[in-house]
Amino acid sequence: MRYGIVADIHGNLEALDAVLAACEERDVSAYLSTGDIVGYGANPSECIDRIQGLSTLVTAGNHDWAAANKLSLDYFNPYAREAIYWTQERLSRDQVQYLRDLNLMEMVDDVTLVHGTLYDPENFDYLLTAYDAHLSLQLQETRLCLVGHSHVPITFQLDGSVSYSFDTEIDISSLEKVIVNPGSVGQPRDENPKAAYGIYDSETRVVTIHRVDYDIEKATSKILRAGLPEVLAERLWLGK
Ligand code: ZN
């Protein structure tokens with residue numbers, strides 16, 4: 001089975017459609033998502049529709065639960081908070097319920113999905129350091145764990161000790177345990193504005209990370225027209 005990995009979509013329909021088209025070309029037959037379908041971008045409702053229309057296993061991101069009033073906005077910066085209020089007005093009752101019902105963790109085919117970390121999934125901590133990875137790996141029951149949240153593609157691997165890499169092809173077959181962040185579809189933050197996604201082939205046991213161009217002009221003009229904070233448009237051009 002070839003899975004497309006789509007994390008941190010953030011209501012960016014142009015980026016999501018470009019990624020889905022690229023995944024189709026690569027014979028993806030199901031999708032895995034570590035959450036944050038909504039928040040920041042101008043098409044939260046349409047992005048939920050796309051994800052629901054595909055065979056996708058999704059875990060909750062902090063923006064998903066915040067949009068569904070399931071998470072306090074206290075720790076959100078003012079731009080994120082404004083975008084959540086804006087998003088809440090654009091979701092149907094069914095879509096809010098869909099976001100509310102997303103679980104913090106899912107498992108399928110020797111893969112665990114979580115937005116933040118396995119040791120504190122409900123607090124949505126960032127998994128950034130080898131130490132964070134070490135703590136999370138101790139609780140990881142599958143060989144592969146997919147995370148999101150930081151919007152930066154990175155791999156942590158346990159092979160005796162924990163190390164990290166920015167490799168775009170990760171053969172997990174010989175490794176003890178691996179954590180992969182595929183990067184963000186809708187708001188990349190590694191100074192590369194192209195949409196990021198991953199592919200996991202459960203037969204060859206290889207994860208690959210890919211980037212694809214999308215219509216940033218269209219996505220940003222929608223953000224500006226919607227009256228969302230300008231900085232949310234600017235950062236898409238910068239990839240940060
Ligand atoms: Zn996010």
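**Cysteines, metal site and fold**

Tutor: Start with a cysteine. The sulfur of C47 lies 14 Å from the closest cysteine sulfur, which belongs to C23, so the two are too far apart for a bond. Keep in mind that this is a predicted model.

Student: What is the distance from the sulfur of C145 to the closest cysteine sulfur?

Tutor: The closest cysteine sulfur is again in C23. A disulfide needs two cysteine sulfur atoms within 2.5 Å. The gap for C145 is too far for a bond, at 19 Å.

Student: How many disulfides does a search of the whole structure find?

Tutor: C47 has its closest cysteine sulfur 14 Å away. C145 has its closest one 19 Å away. The search of the whole structure gives a count of zero.

Student: Are C47 and C145 buried or exposed?

Tutor: The cut-off for buried is under 20% relative accessible area. C47 has 0% relative accessibility. C145 has 0% as well. C47 therefore counts as buried, and C145 likewise counts as buried.

Student: Now the metal. Which residues coordinate the zinc ion?

Tutor: Two aspartates give OD atoms and two histidines give NE2 atoms. The distances run from 2.1 to 2.3 Å. In sequence the donors follow the spacing D-x1-H-x25-D-x114-H. The residues are D8, H10, D36 and H151.

Student: What is the geometry of the zinc ion site?

Tutor: There are four donor atoms, with angles of 85 to 176° among them. A tetrahedral site would need all angles between 85 and 135 degrees. The site of the zinc ion is classed as irregular.

Student: How many residues apart are H10 and H151?

Tutor: Both histidines coordinate the zinc ion. H10 sits in the loop between β1 (2–5) and α1 (13–25). H151 sits in the loop between β6 (144–146) and β7 (154–159). The pair links distant parts of the chain, and its separation is 141 residues.

Student: Are H10 and H151 buried or exposed?

Tutor: Apply the under 20% cut-off again. H10 has 1% relative accessibility, so H10 counts as buried. H151 also has 1%, so H151 counts as buried.

Student: What is the C-alpha distance between R189 and H151?

Tutor: R189 lies in the loop between β10 and β11. R189 and H151 are 38 residues apart in sequence. R189 is also in contact with H151, and its other contacts include Y40, Y126, H149 and R235. C-alpha to C-alpha, R189 and H151 are separated by 5.5 Å.

Student: Y40 touches R189. What is phi of Y40?

Tutor: Y40 lies in the loop between β2 (30–33) and α2 (44–52). Y40 is buried, with a relative accessible area of 7%. Its phi is positive, in a residue other than glycine, with a value near 85°.

Student: Which value does phi of E191 take?

Tutor: E191 is found in the loop between β10 (177–181) and β11 (195–201). E191 is exposed, with a relative accessible area of 58%. E191 is not a glycine, yet its phi is positive, at about 65°.

Student: How far apart in space are P78 and R93?

Tutor: P78 is found in helix α4 (residues 78–88). P78 is exposed, at a relative accessible area of 57%. P78 and R93 are 15 residues apart in sequence. From C-alpha to C-alpha, the distance is 25 Å.

Student: What about Q97 and W65, how far apart in space are they?

Tutor: Q97 is in helix α5 (residues 93–100). Q97 counts as partly exposed, at 41% relative accessibility. Q97 and W65 are 32 residues apart in sequence. Their C-alpha atoms are separated by 9.9 Å.

Student: Last one. What radius of gyration does the protein have?

Tutor: The protein has eight helices and twelve strands. Buried residues make up 57% of its 240 residues. A compact globule with 240 residues would have a radius of gyration near 18 Å. The value for the protein agrees with that, at 16 Å.

Definitions and conventions
Residues numbered from 1 in each chain as written. Predicted model: local features only at pLDDT ≥ 70, side-chain atom pairs only at ≥ 80, totals over all residues. Heavy atoms only, no water. Donors = N, O, S within 2.8 Å, 3.2 Å for Na, K, Ca; no water. Tetrahedral: all angles 85-135°; square planar, octahedral: opposite > 155°, others 65-115°. Helix = DSSP H or I, 4+ residues; strand = E, 2+ residues; numbered from the N terminus. Buried < 20%, exposed > 50% of the residue type's maximum accessible area, 1.4 Å probe, protein only. Rg over C-alpha atoms; globule rule 2.2 N^0.38 Å. Contact = heavy atoms within 4.5 Å. Lists of a residue's contacts leave out its neighbours within four places in sequence.
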